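Dear colleague,

Here is the structure for your files. My notes on the fold and on the pocket follow below.

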Amino acid sequence: MDLRTYQPADKDGCLAAFDSNVPAFFQTPDRAAIEAFLDEPPGTFLVLDHDGVVAGCGGYTFEHPDLASIRWLMVRRDLHGNGLGRFLLFSAMRKLTAEGDPAMLRVTSTPAAAGFFEKQGFRSSAATTHLEMVKKLKVCP
């Protein structure tokens, strides 16, 4: 597995990863949102590449200096349970803390994926159709 920066040629592979997670973790209407996102990803977006095939993707943006957000983190459904999601999440966290010093990290998750994020230290902060979850990265005075 190689972790690298997203390129426009990765769009179909990222969409295939998304599609493999419908309807268990994403909903079909969300596809238009990720398609638009992939046209010009804000912030940093990463791809897990396995022999030229996208195994997963995800990234982050800084909302402001004290808050970063994880964006569209996913692993192909057939590869769940192999630690790739955790690897991708923690790789993104290492990169974002090298770029800035946010006190909080936010992710918007579906209820089905919330357990994964809870295992990584995130806690629910708001509930709607999607869950907003946060993780403290440092103690604030």
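**Fold and pocket**

Read along the sequence, the protein chain runs β-α-α-β-β-β-α-β-α-β-β, where helices (H or I, at least four residues) and strands (E, at least two) are DSSP runs numbered from the N terminus. The radius of gyration, taken over C-alpha atoms, is 14 Å, close to the 14 Å that the globule rule gives for 141 residues, so the protein chain is as compact as a globular protein of that length. That rule is 2.2 Å times the number of residues to the power 0.38.

This is a predicted model: local features need pLDDT of at least 70, side-chain atom pairs count only at pLDDT 80 or more, and totals for chains, interfaces and linings use all residues. Residues are numbered from 1 along each chain as its sequence is written, and side-chain values use heavy atoms, with hydrogens and water left out.

Along its principal axes, the C-alpha trace spans about 45 × 30 × 30 Å. Of the 141 residues, 43% are buried (under 20% relative accessible area, 1.4 Å probe, protein chains only).

The largest pocket holds about 750 Å³ of space. It has 32 lining residues, and L73, M74, A113, F116 and F117 are the closest to its centre. (A pocket is an open set of points on a 1 Å grid over the protein atoms alone where a 1.4 Å probe fits, with protein on both sides within 12 Å along at least five of seven lines; lining residues have an atom within 4 Å of a point. The volume is the space filled by probe spheres set on the points, which are joined across faces, edges and corners.) β4 gives the most to this lining, with seven residues.

Regards

Technical notes
Buried < 20%, exposed > 50% of the residue type's maximum accessible area, 1.4 Å probe, protein only.
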